[in-house]
Amino acid sequence: MTNEHCDSNTGYTIAPWELRWCGLDVEQLARTESTFALSNGHIGMRGNLEEGEPRGLPGTYLNGFFESWPLTYVDGGYGYPAAGQTAVNVTDGKIIRILVADEPVDLRYGTTTAHERVLDFRTGTLRRSTDWTSPTGRRIRITSERLVSFAQRAVAAIRYEVQPLDEPLQIVAQSDLLANEPIEAGPSGENLTLTDPRLGADLKATLVADFAKAEDYGAVLVHHTTRSGLRMAAAMDHELHAEDGVRTSVHAEGDLARLTVAADVPKGGTLQLTKYLAYGWSSQRSVPALRAQVDAALAGAMHSGWDGLLAEQRAYLDKFWASADVELDGDDELQQAIRFALFHILQAGARGETRAIPAKGLTSPGYDGHSFWDAEIFVLPVLTYTMPEAARDALQWRHSILDKARDRAKVLGQDGALFPWRTIDGDECSAYWPAGTAAFHINADVANAVSRYVAATADGEFDHDYGVELLTETARLWVSLGHHDPHGGFRIDGVTGPDEYTAVVDNNVYTNLMAQQNLNDAAAACKRHPDVAQQLGVDASEIARWLKAADKMVIPYDEVLGVHPQSERFTEHDEWDFEGTPPERYPLLLHYAYFDLYRKQVIKQADLVLAMHLRGDAFTPEQKARNMAYYEARTTRDSSLSACTQSVLAAEVGDLPLAYDYFAETALTDLHDLHDNVRNGIHIAALAGTWLAMVAGFGGMRDYGGHIAFAPRLPAQLSRYAFRMCVRGSRIGVEVTEQEATYRLLSGTPIHIAHHGKQITIEPDSPISLSIPPAPQPPELRQPAGHKPIQRGRSKPVVGQQHNTSDQAIKRFDTLD
């Protein structure tokens, strides 16, 4: 790799299949460490420089590995969670420190004449090239390539090379395993943990040493946590190459294992280290057992060798892109962004294997490494239609914590099961009950993901072994939580919907509609599998109660305004003074008390609008248009989850320019750091929203119980787009131009779909092209003062151009409404 793609500017460059950062900017390290993170859903490694320093935030994570800590309350209450959980920065194996003639390589010193890093979406590796001159004038070139293996779940590897450019040099490399890595404040000294609830708890020195051993070119460290009782092991081994041979020593003790390599390297020669890493953890296995586990993984990695690992990685990604790729003609920056999004979604869920998908993936300890409802509503739809086996794994994790969910429901005096609002291992960790425990819609979100997966895959085994039980226990919660009122309706009172600026309300429309679907789907599942229903104690009378509750579900409607209130009487609340709120006081949750937000018509993220996306069958086109206009004027988009849903509905009601602006906003959330917090990890659900905005928004894709329907339209900014999906074991391709949409069966058996209401069957070697009708006349959609999205498409960046990362370019809002 050379620096031929970089000019004198610092920042990302635009290319279709990679994310490249040119130049060295120490102040931006924390941000790029998140975007350049590598993961396979089991191991996560932030994109830290191998030399260890400079750095923004060091991080290596194992999915599900956490430390617990007591939650303290000034005014406690019955049913409050007792403990929090935080993802642990485990033993760091990325570190390879270099000394050049006794001078440590540290890019803060000397002169970095060239520097670039490339995240390659097709090879699944992070490459780096740096030309550095030491303070005393010695010049070297460092090149490296790093991967976290999709094929070998417990394995990561680094190929690292140092080359003297002008003269022979003595090079010393120190390759480390380092536990309890010290974490200092970032480059600007900030520490927002105490003021921003979106950040994780600040835990230090959480790992206790159990075992350390070093021999030959390898070493292993085993540690355990002090409170959660989890144990993890990390192992390393190396292959070395230098023209004149090397001198080595290795030792391991406590929190550090190190291989030291010294070599005299001639001008133009190379010292090459290939570092193999293996990780494992368990809540029950002994030190010898875990050590044996990582030793075996390491042996497998070294048997494959560096070239073998690269080949496996490429083959895995080739298969993924064959089912998941999205092509955009006309906007090179968003083409890059959507592949960046899909790559990180894959990294978050590919090999989790019955573990949760955290909100930040494995890119940081943001949100304490917790999983929320957005995994089921935003991330799993993408995986269901692109990599269904990963969606199945995530849903099996939900099934694995059912007993804890049942226990939580009992504590709250409810039947069935109640899934946690935020968690790592299944225990509720939210200390703020109005936005945590009260958000009962998490149950319906899980049920929605189960039903979607079963319908889209026809996975009868999953349906029988896991799906029926998940749907049954979530349905039981609704019948217990709600009640039939004297007017004949079924009410669900005292709950919080997706919008976190409104809490503890009656009959939240999103919650009620999703619960209604949950109840109907549970009844259907029990009828499909009466043997499972019998085992669960479900009889005809219980199914009848579910169906009655669903049929009588209260869905509030404001006859005066002609819109659905987000929750009962929401439209009677006072309006928020958007004109009087200065831009620097957003996001509102960091500058205003919740009590004030809760009593005003101000919305953090799409709530009723999300209901119109997921339960569009419950609204007429006219209602969707009026609702969209009403809530568009009151939504701040303080959540990264909002723009994608607003894009989907804007496209459906006919406002394609606005839909495209919101599509760009969600696609560039992390690449432009629109919420100024990418240093704390990327936004996995927002990245998933990029796919949803494209496929469900412009593609108009809806899944009605396995019956896939499309209503595609082409935004003016594009000349063509195309995407691929997995449906019931087959792969289909959809290509859209201004005049027509073409549907192809790429593999598998024929698939029945609908195009703008017309039923068709896609068969092998028989593509079908159909004309696209005009979009409906859109309603007038206006945003709150100062919240109009940046208009997209007036001057589109092209391949080879750099992203504009100035403050003016990365802001979310065009203040000239």
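What follows is a set of questions on how the labels were assigned.

Modeller: Two ground rules come before the labels. This is a predicted model, in which local features need pLDDT of at least 70 and side-chain atom pairs count only at pLDDT 80 or more, while totals for chains, interfaces and linings use all residues. Residues are numbered from 1 along each chain as its sequence is written, and side-chain values use heavy atoms, with hydrogens and water left out.

Biologist: Why is α4 called roughly parallel to α7?

Modeller: Helix α4 (residues 374-386) packs against helix α7 (residues 441-457) at about 10°, with the axes 10 Å apart. Angles under 35 degrees count as roughly parallel, over 145 as roughly antiparallel, 65 to 115 as roughly perpendicular and the rest as oblique. So α4 is roughly parallel to α7. Axes here are lines fitted to C-alpha atoms, for helices over the stretch in contact, and angles run from 0 to 180 degrees between N-to-C directions. The helices themselves are DSSP runs (H or I, at least four residues), and strands are too (E, at least two), numbered from the N terminus.

Biologist: Which residues make the contact between α4 and α7?

Modeller: Contact means heavy atoms within 4.5 Å. On α4 the residues include Ile377, Leu380 and Tyr385. On α7 they include Val446, Arg452 and Tyr453. By class, the contact has 8 nonpolar, 2 polar and 3 charged residues.

Biologist: What makes β1 and β15 edge strands?

Modeller: The open sheet has 10 strands in the order β1-β2-β10-β11-β12-β13-β20-β17-β16-β15, with antiparallel pairing. β1 (11-13) and β15 each have a single partner strand, so one side of each is left without a neighbour in the sheet. The twist averages 15° from one strand to the next. Within this order, β12 (residues 139-148) and β13 (residues 155-164) share 9 bridges, and Ile140 has Pro164 as its bridge partner in β13.

Biologist: Which helix lies across β1, β2 and β10?

Modeller: Helix α3 (residues 332-349) does, running at about 70° to β10. Helix α2 (residues 287-324) lies across several other strands, including β11 and β12, and runs at about 135° to β20.

Biologist: Why is the contact of Arg55 with Glu181 called a salt bridge?

Modeller: A salt bridge is a side-chain nitrogen of Lys or Arg within 4 Å of a carboxyl oxygen of Asp or Glu. In Arg55 and Glu181 the closest N and O atoms are 3.3 Å apart, so the pair meets that definition. The pair links distant parts of the chain, 126 residues apart. A search of the whole structure finds 53 salt bridges.

Biologist: Are Arg55 and Glu181 buried or exposed?

Modeller: Buried means under 20% relative accessible area, exposed over 50%, partly exposed in between (1.4 Å probe, protein chains only). Arg55 has 15%, so it is buried. Glu181 has 9%, so Glu181 is buried.

Biologist: What labels go to Glu572 and Arg569?

Modeller: They form a salt bridge at 2.8 Å between the closest N and O atoms. Glu572 is at 52%, so it counts as exposed. Arg569 is at 53%, so Arg569 counts as exposed.

Biologist: What about the pair Asp596 and Arg599?

Modeller: Their side chains meet in a salt bridge at 3.2 Å, N to O. Asp596 is at 16%, so it counts as buried. Arg599 is at 46%, so Arg599 is partly exposed.

Biologist: What makes the bond from Glu53 to Pro54 cis?

Modeller: Its omega is near 0°. Pro54 is found in the loop between β4 and β5. A cis bond also joins Tyr586 and Pro587, with omega about -5°.

Conventions: Ala, Val, Leu, Ile, Met, Phe, Trp, Tyr, Cys and Pro count as nonpolar, Asp, Glu, Lys and Arg as charged, and the others, Gly among them, as polar. Two strands pair if DSSP finds at least two bridges between them.
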